[in-house]
Amino acid sequence: MTTIAACRTCGIEPREGARFCDGCGAPVAERDARAEYKQVTVLFADVVHSMDIAAAVGAERLREIMADLADRCAAIVQHFGGTVDKFTGDGIMALFGAPVALEDHAFRGCLTALEIQVEAAKLAKQVEASDGICLRLRVGLNSGQVIAGEIGSGPFGYTAVGEQVGMAQRIESVAPPGGVMLSASTARLVDGAASLGEPELVQIKGCEAPVSARRLLDMGERHRGVDWAESKLVGRRWEMSAVEGLLERAIDGHGAVVGVAGPPGIGKSRLVREVSVMAATRGVEVFTAFCESHTSDVPFHVVARLLRAVTGTKGLDPDAARARIRAQYPAADSEDLLLLEDLLGITDPDVERPEIDPDARRRRLTALVNAASLAREKPGVYVIEDAHWIDEVSESMLADFVSVIPQTPSLVLITYRPEYCGALNRVSGAQSIALAPLSNIETTALVTDLLGPHPSTTEIAALVAERAAGNPFFAEEMVRDLVERGVLRGIGSGYVSTADVAQVSMPATVQATIAARIDRLSPGAKRTLCAGAVIGSRFSRDLLETLGIDPVLQDLVSGEFIDQITFTRQPEYVFHHPLIRTASYESQLKSDRVGLHRRVAAAIESLDPTMAEENAALIAEHLEAAGDLHAAFGWHMRAATWATNRDITAAWLSWERARKIADALPADDRNGAAMRIAPRMMLCGIDWRVHAHVAGARFAELRRLCTAAGDKASLAIGMAGLVLDHTFQGRVREASQLATEAMALIDSVGDPTLTVGLSFAVILAKVASAEWFDVLRWSQRVIDLADGDPLKGNFIFGSPLAVAFASRTVARYFLGCFGWREDLQQGVAMARSADPASYALVVGYVYNPAIPLGVLRPDDSTLGEIEDALRIAERSGDDFAVALAQMTLGHALVHRPTDAEHDRGEKLLAEVSDVFVRREHNLYDLPIVNVTWRVKGPAVEIAMTPYRSCAPPSTIWSARESFCLGALQRRVS
């Protein structure tokens with residue numbers, strides 16, 4: 001819903017149909033009237049002893065005084081970009097950061113508070129003279145998150161609600177008469193830019209314990225803190241080298257103008273500071289002017305600042321400043337000097353100012369300044385920071401000034417954000433540097449430098465680096481926030497973590513910085529961005545249109561809010577920085593997000609019903625965010641089923657999310673028991689594939705739930721996972737015993753599909769314990785039950801039948817039975833068209849024992865088959881399949897004839913061994929792997945030679961294991 005609401009500059013309600021505000025002249029624009037979360041500073045100003053004043057002067061005179069005071073306060077609030085929320089009867093409430101977000105809301109609020117006290121003091125003198133009463137104000141400020149928007153459907157208008165509003169009013173109540181009191185949150189935001197009193201503990205209404213507050217004494221020019229230790233410059237070597245080259249040319253008389261562009265926090269100011277230091281070390285003077293958001297409507301503000309710096313008149317009294325100007329421009333026209341003095345605010349009040357047309361004034365000033373620049377022989381660096389906030393007159397004049405820079409020994413650096421399209425980024429012949437995000441390595445180095453080397457900060461450093469995504473300011477603010485909240489203790493580069501990494505969140509400073517950019521978008525672009533934030537980190541035009549959004553995407557791309565990543569008929573977009581999505585998402589009310597999440601889920605399903613299974617995880621995520629837990633559970637389970645034979649990690653995550661949903665359901669939910677069992681059953685069944693351990697609480701909980709529900713099938717699946725866990729942890733005896741119990745349980749269910757699907761677990765346990773008759777018998781049973789269907793029972797592996805052929809292959813050649821070659825060919829061919837895990841498992845089953853034992857030779861064809869299985873496994877991302885294929889390839893290579901192949905095989909097996917140890921997995925394979933690469937393949941071959949000529953593979957297997965065990969024992973001793 002969009003409405004013509006109160007003026008966002010001064011808060012006055014406009015007339016119907018009005019295009020400009022009657023109060024301040026600002027354009028009246030449509031605004032999205034929906035409430036949203038905002039980071040704001042709330043100001044309360046209240047007259048001290050207003051009831052006593054009323055009794056002394058009467059209601060009518062009180063009204064006149066209050067009206068005068070309110071007008072003065074409103075004008076000041078408007079000047080600094082705030083909004084008068086309401087007149088409270090004896091004071092005002094004002095907001096900074098709503099309805100339009102402001103990244104410097106606390107700074108503006110503090111400037112306003114001090115100016116209100118100055119204006120109140122002026123009014124107080126008049127009131128005291130006319131009425132004989134003492135008029136004094138208390139002012140209090142508090143910063144934090146509120147909900148701002150239209151209240152109800154009546155005439156209540158735009159306002160802010162939340163505990164931060166009440167806190168501001170209570171802070172005002174403890175301010176001294178004539179003073180300004182800041183809450184701890186506001187004081188933190190302006191610390192370094194404000195002169196503050198010592199922290200005080202004050203007792204306020206509604207708080208049992210005293211709270212910290214600080215007196216505001218004065219404000220500096222800049223709103224950026226200066227007391228926070230600056231991190232070292234990371235990256236930017238190319239940029240620094242480029243600017244250094246231009247600086248050297250400028251010193252030689254060939255000036256240049258350089259635009260440094262990038263989003264907030266990317267390091268524009270830091271780069272400029274480094275260049276300034278570089279220039280100073282070469283004896284080059286540096287002159288700087290900062291553009292500030294609250295002065296963008298003040299004509300001549302920036303150009304006057306820069307010229308004060310260049311002429312050295314900053315801080316001088318008017319007489320001294322005029323004398324200095326006349327000394328610097330001895331040949332200038334007297335009228336031109338008067339114009340320059342007027343621009344600098346140092347005019348002699350006794351001298352009449354020349355009456356001149358504004359355009360002529362600008363031309364004459366430009367000619368004066370440019371003539372001085374051309375005459376200047378000393379090199380200089382001129383810095384104009386944050387040109388996106390420059391006032392229009394200064395922009396025009398500075399564009400004229402820099403036109404002569406190439407003819408002077410000067411370097412001009414102008415910083416601005418991507419959305420700036422003014423005259424200063426279109427200067428003819430200017431160089432442009434666009435700062436990109438730091439790389440992952442650079443960001444990690446920056447965060448590590450900020451935190452220090454203590455091991456307790458390792459995880460926090462990784463999380464901060466990930467969330468900062470290459471933005472130095474974001475990283476620094478996250479670390480600062482952690483320090484201020486006590487999560488990090490110590491001093492710079494020497495911190496110790498005291499809490500969980502989950503406490504890393506987006507600081508209010510970062511949120512306000514991003515929100516301020518978002519709120520300067522058009523309503524259509526902002527709606528597009530907010531809808532995209534709900535959809536996810538990646539979204540398409542089609543999906544936006546399906547939601548009823550008329551996408552405004554080009555403005556978002558050009559402003560570097562989003563990036564287009566596909567350029568087909570269905571273009572797709574991602575957020576330029578993940579925190580842009582976070583800020584946009586978190587600004588929306590939860591109730592609004594819930595409705596949109598529900599619509600997104602329906603839209604994803606309806607856009608392409610044939611892709612429903614592939615998109616199941618995304619649909620589930622949106623339904624879960626919408627609070628539709630039962631529906632979300634079902635889609636998570638569908639997602640896991642679809643991913644099982646494609647991406648086992650994704651499947652595990654979907655089952656884990658389904659488990660969490662089930663556990664969050666009320667105890668009396670009629671489907672609760674079944675919902676709690678289903679994901680646990682599958683998690684126990686596949687935990688071993690993602691290197692999680694089934695034994696312990698997970699399986700015990702499943703057994704308890706299944707026993708209570710009489711669910712044997714689910715318990716059997718979980719028990720099969722426990723068998724595999726024992727096997728891969730090297731607990732071979734326990735695995736074999738449990739496999740026998742599991743098979744009995746599976747038989748009692750009487751479901752052929754279940755028997756086929758769980759066969760791998762029990763058969764592998766028997767393979768590990770070399771119980772070949774059991775392996776042969778159970779493999780045969782699976783082959784019979786599958787009845788030629790390679791997909792039957794494929795809820796853990798893609799083709800249990802292919803795996804059964806492989807296990808029968810091994811059993812047959814170990815027992816000296818015929819037919820194993822046919823089984824091998826059939827199993828490998830079937831697995832090749834199945835999933836990566838089945839293919840790797842079959843290849844590993846067949847070749848891992850067969851090649852070392854001499855049953856099969858590692859010829860080129862066999863090696864090609866194994867390498868093919870490894871390539872497929874690596875593309876799948878299935879760690880289990882990759883490790884198994886690598887182990888098989890390593891065993892094959894160490895039995896190849898060339899030294900190069902031997903070396904490659906040994907290196908591969910050494911890597912596999914390290915992976916098995918680190919992940920505590922495949923430990924039953926570890927002795928054979930270690931012996932093969934440590935004792936060397938040929939030594940094993942020699943040890944096996946006496947057996948091969950006269951013994952079946954089962955005997956060779958026993959001899960090989962004895963040799964390997966002895967070799968390991970000798971290495972240990």
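What joins the side chains of Arg-485 and Asp-481? I find that they meet in a salt bridge, 2.9 Å from N to O. My cut-off for a salt bridge is a side-chain nitrogen of Lys or Arg within 4 Å of a carboxyl oxygen of Asp or Glu.

A note on the ground rules: this is a predicted model, in which local features need pLDDT of at least 70 and side-chain atom pairs count only at pLDDT 80 or more, while totals for chains, interfaces and linings use all residues. Residues are numbered from 1 along each chain as its sequence is written, and side-chain values use heavy atoms, with hydrogens and water left out.

**Entry: salt bridges**

I looked up how exposed that pair is, taking buried as under 20% relative accessible area, exposed as over 50% and partly exposed as in between (1.4 Å probe, protein chains only). Arg-485 comes out partly exposed because its relative accessible area is 39%, whereas Asp-481, at 15%, is buried.

I then checked Lys-86 and Asp-85, whose side chains also form a salt bridge, 2.5 Å from N to O. Lys-86 has 35% relative accessibility and so counts as partly exposed. Asp-85 is buried, with a relative accessible area of 14%.

For element names I rely on DSSP runs numbered from the N terminus: helices are H or I of at least four residues, strands E of at least two. Arg-871 is partly exposed at 43% relative accessibility, and Asp-868 is partly exposed at 23%.

Searching the whole structure, I get 54 salt bridges. I also noted a network of them that links Glu-656, Arg-659, Asp-663, Arg-680, Asp-687 and Arg-698. As a reminder to myself, side chains of opposite charge can pair when their charged atoms come close.

**Entry: nonpolar cores**

Which residues touch the most other members of the largest nonpolar core? I define such a core as a set of buried Ala, Val, Leu, Ile, Met, Phe, Trp, Tyr and Cys residues joined through side-chain atoms within 4.5 Å. The largest has 170 residues, and the ones touching the most other members are Val-464, Ile-514, Leu-529, Ile-562, Phe-760 and Tyr-845.

I followed up Val-464, with contact meaning heavy atoms within 4.5 Å. Leaving aside neighbours within four places in sequence, Val-464 is in contact with Val-447, Ala-475, Met-478, Val-479, Leu-482 and Val-504. Another core, of 42 residues, lies apart from the largest one and includes Ile-65, Ala-113, Ile-116 and Leu-137.

**Entry: helix α23**

I list its buried residues as Ala-632, Phe-633, Trp-635, His-636, Met-637, Ala-639, Ala-640 and Ala-643. These pack against α21 (590–607), α22 (616–625), α24 (648–664) and α25 (672–686).

**Entry: a three-stranded sheet**

I traced an open, antiparallel sheet in the order β19-β21-β20, where strands pair if DSSP finds at least two bridges between them. β19 (538–540) and β20 (562–566) are the edge strands, each pairing on one side only. Three bridges join β19 to β21 (residues 572–575), and Phe-539 stands opposite Tyr-573 in β21.

**Entry: loops and backbone**

Where does Thr-295 lie? I place Thr-295 in the loop between β13 (285–290) and α8 (301–311). Thr-295 is buried because its relative accessibility is 8%. Not counting residues up to four places away in sequence, Thr-295 touches His-301 and Asp-391.

Most residues other than glycine have a negative phi, and most peptide bonds are trans. I picked out the cis bond from Ala-98 to Pro-99, with omega near 5°. Pro-99 is in the loop between β5 (91–96) and α3 (105–131).

I also logged Ala-469, a non-glycine with a positive phi of about 50°, in the loop between α14 (458–468) and α15 (472–484). Ala-770 has a positive phi of about 60° and lies in the loop between α30 (759–768) and α31 (772–786). Ala-469 counts as partly exposed at 26% relative accessibility, and Ala-770 counts as partly exposed at 29%.
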